[in-house]
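Work through the exercises below with the structure in view. Each task is followed by a solution in steps.

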Amino acid sequence: MAKLIGLKKVKTAIFISGTGSNLESLIKFSLSKNSPIKINLIVSNNSKAKGLELAKIFKIKKKIYNFKNKSVSEKFILKDLKNNEIRLICLAGFMKILSKDFIKRFKGKILNIHPSLLPKYRGLDTHARVINNKEKYSGCTVHYVNSKLDAGRIILQKKVRVSKRDNAESLKIKILKQEHKLYPKAVIKILTNL
Ligand code: GRF
């Protein structure tokens with residue numbers, strides 16, 4: 001990642017499938033004076049993703065791919081990434097699994113945020129599983145993406161206390177709040193080697 005350090009802001013693409021609250025926090029972060037990134041592209045597999053509204057609000061280019069044929073969609077994405085000189089990809093609630101080939105082409109330059117303390121609770125329905133198992137703590141993790149699901153090298157984690165009154169929904173809200181702080185911190189960490 002050292003290569004990414006420079007005077008110019010690193011052109012970044014954010015991949016989303018849904019609400020886009022992490023996208024929003026990353027956009028706001030990118031607009032702050034000391035941010036090392038500029039968000040040039042929003043990619044989604046879902047044309048109805050609420051987060052896409054942010055593209056209009058913040059005047060960021062957006063691209064939608066249906067992923068009916070993954071390798072075709074990925075080819076087009078790679079082309080768009082190249083055309084927009086993208087050097088960093090942040091997955092933020094992106095519900096498609098990228099191919100090994102795609103990941104190889106962007107090796108060490110794709111990040112993801114997951115709402116658990118990885119390596120615990122990889123995959124879906126994290127919060128419900130945490131509640132069912134009566135865990136005392138959960139949290140969120142920003143990690144590099146490799147070809148295994150939610151398994152790449154961890155960049156940063158934030159622990160969150162699960163209270164006895166929490167259910168999956170309240171825990172989700174609690175953890176999302178922390179996600180919004182953690183993702184920008186992780187981006188700073190990898191781009192400035194802090
Ligand atoms: C977040 O909980 C993130 O950790 C997970 O998907 C959710 C996306 O939420 N990967 P949002 O679309 O950013 O609001």
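Predicted model: local features only at pLDDT ≥ 70, side-chain atom pairs only at ≥ 80, totals over all residues.

**Exercise 1.** Find which residue forms a salt bridge with Lys 11, and state where the two partners lie.

Solution. Step 1: the partner of Lys 11 is Glu 85, with the closest N and O atoms 2.5 Å apart. Step 2: this is a salt bridge because the cut-off is 4 Å. Step 3: Lys 11 belongs to strand β1 (residues 10-16), while Glu 85 sits in the loop between α3 (70-83) and β4 (88-91). The pair links distant parts of the chain, 74 residues apart. Step 4: Lys 11 has 26% relative accessibility and counts as partly exposed.

**Exercise 2.** Decide whether Asp 80, the salt-bridge partner of Lys 63, is buried or exposed.

Solution. Step 1: the closest N and O atoms of Lys 63 and Asp 80 are 3.7 Å apart. Step 2: Lys 63 is in strand β3 (residues 61-64) and Asp 80 in helix α3, so the bridge ties together parts 17 residues apart in sequence. Step 3: buried means under 20% relative accessible area. Asp 80, at 12%, is therefore buried. Lys 63, at 29% relative accessibility, counts as partly exposed.

**Exercise 3.** Describe the salt bridge between Asp 101 and Arg 105.

Solution. Step 1: their side chains meet at 3.6 Å, N to O. Step 2: both residues are in helix α4 (residues 100-105); they are four residues apart, so about one helical turn separates them. Step 3: Asp 101 is partly exposed at 45% relative accessibility, and Arg 105 is exposed at 56%.

**Exercise 4.** State how many salt bridges the model has.

Solution. The count comes to six.

How values were computed
Residues numbered from 1 in each chain as written. Heavy atoms only, no water. Helix = DSSP H or I, 4+ residues; strand = E, 2+ residues; numbered from the N terminus. Buried < 20%, exposed > 50% of the residue type's maximum accessible area, 1.4 Å probe, protein only.
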